[in-house]
Amino acid sequence: MTNSQLTPGIAAGRLGAGDYARNFDDIAPRYDAHEARVAADRCYFCHDAPCMTACPTSIDIPLFIRQIATGTPEAAAKTIFSQNILGGMCARVCPTEQLCEEVCVREVAEGKPVEIGRLQRFATDTLMEKGVHPFARGKATGKRIAVVGAGPAGLSAAHRLAMKGHDVTIFDPRPKAGGLNEYGIASYKSPGGFAQAEVDWLLKIGGITVQNGKALGSGLTLDGLKKDHDAVVLAIGLAGVNALRAEGEGLKNVLSAVDFIAELRQQPDKAKLPIGRDVVVIGGGMTAVDAAVQSKLLGAENVTIVYRRGPERMSASEHEQEHATSVGVRIIHHAAPVRVIGNGAAQEIEFAYTEDSADGLKQKDETFRLKADQVMKAIGQTLEGVPEGLKVEGGKIAVTGAGRTSVTGVWAAGDCASGGEDLTVTAVAEGRDAAEDIHASLMG
Ligand SMILES: Cc1cc2nc3c(=O)[nH]c(=O)nc-3n(C[C@H](O)[C@H](O)[C@H](O)COP(=O)(O)OP(=O)(O)OC[C@H]3O[C@@H](n4cnc5c(N)ncnc54)[C@H](O)[C@@H]3O)c2cc1C
Ligand code: SF4
């Protein structure tokens, strides 16, 4: 069963076999040892390094780069993993151009930062490929913790709790652990089954049981989890998708960009994925860019992202917008969908031009249409399945400090928790910090 229904204009296998392999290959292959040394030598090993402050997980960047420069990448990896156990995935997916590399003194002075992300990948891959897990469990505490959700936030919390000697059970409805690392991140950022390899490697700490096919709200209740455990971490991400609220939204081939990407990530043979000739993606974030770029890489002829505001308001970074246009995606700004037109299945979509005014965004009378075999919605995700009694603010579970919710004994971390950016690295930081807070509160 695919997200897209086969109608004229939608077909699988538009490209030659070699094209798929090339298109979905690693976008930033790993450095070899020599390249890593050369890149590491560019670092000034700054005191009060701004790159470290900009990293949501506060990795000691000058230290790990020095360790690479002195020929000890395994030690560098341990420096990274001690702050960020998913440092391997973050090295692949972090928008470093907006975080550590943006503030690197060499970027500020010369417009060319030290390539921190690629150095991090070199170090973490070197250690992980040896199958070595660099941490051991602490003495058993006898405490049992439930982690709900096996994405970056849940995995990070579980690992830190297991390290402290607690017994952890992770519950997740999906057949594979990893959350959006497995089902969301663009294929070319994390090819070769890296997400699952990373989960397997992380679980080597011991003391963590993953129960798939288990969802809070469908079999599991918060009260039940609290009764059986000493603490509960909610790391359920944002499972819902915002509606377009445009006429014709129910037509065939109007789909969620997140579902499209999840299907693409799980299909090893990309030639089997049906794609439209004309694809329109609505939204302005990473999901919109990833859906559009991957549509193009699957062989769609015309792919257009339409965003209701200007480029400066898009949450996809300038770098990501440039990536989209470099593969041939067109971006139209200042337009909002009015209706999808088609006879059973989408054929066209009508937009109205918009303008920002003192009273907010206004639609103008002027409209235009785009051909669309597929319309992908990438206009934000929403919190689903929040248990009754938990305070919610701004559409997320309200937390204070290191993820404490309004219910005693229950923490929340990652995209589902209030505050912080919706990024993999932020989810990892929040999961880790919630685990530290749980440990402190359970062990006094
Ligand atoms: C398409 C896409 C591309 C992205 N690309 C990037 C990128 O390149 N770089 C980057 O930094 N960030 C990216 N992000 C954002 C990043 O993936 C998220 O911020 C991050 O995954 C959040 O981690 P999380 O653990 O909070 O949630 P998730 O990764 O969403 O994990 C939540 C987990 O909870 C489970 N769950 C849901 N409901 C329940 C329930 N009721 N009971 C039990 N379990 C449940 C889910 O199955 C899932 O496994 C992207 C997001 C999307 C959607
Ligand atoms: S800011 Fe740049 S040069 Fe300074 S420590 Fe960080 S990576 Fe090295």
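I started with the rings: Phe351, Tyr353 and Phe368 are linked into a cluster by ring pairs. For pairing I took rings of Phe, Tyr and Trp (its six-membered ring) with centres within 6.5 Å; planes under 30 degrees apart are stacked, over 60 edge-to-face, and the rest tilted.

Ground rules, before I go on. This is a predicted model, so I kept local features to pLDDT of at least 70 and side-chain atom pairs to pLDDT 80 or more, while totals for chains, interfaces and linings use all residues. Residues are numbered from 1 along each chain as its sequence is written, chains are lettered from A and ligands numbered from 1 in the order in which they are written, and side-chain values use heavy atoms, with hydrogens and water left out.

Back to the rings. I found three aromatic pairs in the structure. Phe351 and Phe368 have ring centres 5.4 Å apart and planes at 20°, so I logged them as stacked. That pair links distant parts of the chain, with Phe351 in strand β15 (residues 345-357) and Phe368 in strand β16 (residues 360-371), 17 residues apart. Strands here are DSSP runs of E, at least two residues, and helices are runs of H or I, at least four, numbered from the N terminus.

Next I checked burial (buried is under 20% relative accessible area, exposed over 50%, partly exposed in between; 1.4 Å probe, protein chains only). Phe351 is buried at 0%, and Phe368 counts as buried at 15%. Tyr353 and Phe368 have centres 4.9 Å apart and planes at 35°, so I put them down as tilted. Tyr353 sits in strand β15 and Phe368 in strand β16, 15 residues apart. Tyr353 comes out partly exposed, at 28%.

Then I zoomed out. I get 17 helices and 21 strands for the protein chain. Its radius of gyration is 22 Å, close to the 22 Å from the globule rule for 444 residues, so the chain is as compact as a globular protein of that length. I took the radius over C-alpha atoms, and the rule is 2.2 Å times the number of residues to the power 0.38. Along the principal axes, the C-alpha atoms fill a box of roughly 65 × 55 × 50 Å.

Buried residues make up 53% of the 444. Of the contacts (heavy atoms within 4.5 Å) with a separation of 6 or more, 71% join residues 24 or more positions apart.
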